[in-house]
Amino acid sequence: MTRIAVVTGANQGLGFALVRGLAARLLPEDLVLLTGRDAGRVASAAAAVAADPATRSRVEGRVLDVSDAAAVARFAEPADIVISNAIGPLDPGRSQAEQADVFLDVANGGTHAVLRSFGPVLRPGGRLLVVASSLGTLGHLPEPLRPRFDGVSLDDVEKAVEDWRTAIHDGTAAEAGWPEWINVPSKVAQVAAVRAVAAERRDADLAAGTLVAAVCPGLVDTRASRPWFSDFSQAQTPDEAARAVLDLVFADVDPATYGELVRFGRVLPWRS
């Protein structure tokens, strides 16, 4: 049967490298869908992967704005590999509050939409991965906020994100203990969303050889990360970071990784 892979936020950086890696590892009859919001960039990126000598599978570009949950629902069809990688822009030169809506709509709203729409149509033996970060472990939040994300449903995670968004806009986020850098609670919420969905699916998925997990690719030298870090001496290229993620995609399912945050094949403790 033809395998279908979908990568969001894929016209540059890690997402583009993930598409390249999938296209090199899958078979000629398989299909990789490279998605992003800008039609021109999507078409150009898909053409570049299709022309790569290492590419074996079919590659097609699709326009998809993951911040539009209805659009994700319309787009979702049965797939074998789904990697949620899209992230909103974040500029250190602007206040976090004025960037919060776009960032949360893409990073968190997009994660929720992909989990809700692709989870039910993921084929048995499939892979549904959300690219997150080691910042997504619960220990990065102050103790009073942790119950909002620990052992809760996806609805609860969505509610926590929206309450946090409101606090950002009404100026009460710091008083409530939310970290100033919005990337931290956002990543915790992404991992919590994966854990919530995985908790409901675990037994059936493991019986079918299906994996739902969050992944941390480590520090990657991309246009998005450059403004935030001064030392890239230990950073990976997007292709290097993609390899570790794809190794998880193509490996047999280890029950220990199911529903967890995985970094270079190892589980990062949720409560650390």
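A nonpolar core is a set of buried Ala, Val, Leu, Ile, Met, Phe, Trp, Tyr and Cys residues joined through side-chain atoms within 4.5 Å. In this predicted model, the largest such core holds 91 residues. Leu 22, Ile 83 and Phe 149 touch the most other members. In soluble globular proteins, nonpolar side chains tend to be buried together.

The surroundings of Leu 22 were examined beyond its neighbours within four places in sequence. Its contacts there are Ala 5, Val 7, Val 32, Ser 57, Ile 81, Ile 83, Leu 246 and Phe 250.

Strand β4 spans residues 79–84. Six of its six residues are buried, so the strand is largely enclosed by the rest of the structure. Strand β1 (residues 4–7) runs parallel to β4 and is joined to it by three bridges. Within this pairing, Val 6 has Val 82 of β4 as its bridge partner. Strand β5 (residues 122–131) also runs parallel to β4, through five bridges. Here Ile 83 faces Leu 129 of β5. Helix α4 (residues 96–118) carries the chain from β4 to β5 in a right-handed β-α-β crossover.

Helix α4 packs against helix α7 (residues 183–208). The axes lie 10 Å apart, at an angle of about 5°. Angles under 35 degrees count as roughly parallel, so α4 is roughly parallel to α7. On the α4 side, the contact is made by Phe 103, Leu 104, Ala 107, Asn 108, Thr 111, His 112 and Leu 115. Helix α7 contributes Asn 183, Ser 186, Ala 189, Gln 190, Ala 193, Val 194 and Val 197.

Technical notes
Residues numbered from 1 in each chain as written. Predicted model: local features only at pLDDT ≥ 70, side-chain atom pairs only at ≥ 80, totals over all residues. Heavy atoms only, no water. Buried < 20%, exposed > 50% of the residue type's maximum accessible area, 1.4 Å probe, protein only. Contact = heavy atoms within 4.5 Å. Helix = DSSP H or I, 4+ residues; strand = E, 2+ residues; numbered from the N terminus. Pairing = 2+ DSSP bridges. Right-handed = clockwise from strand over helix to strand, strands pointing away. Axes fitted to C-alpha atoms, helices over the stretch in contact; angles between N-to-C directions. Parallel < 35°, antiparallel > 145°, perpendicular 65-115°, else oblique.
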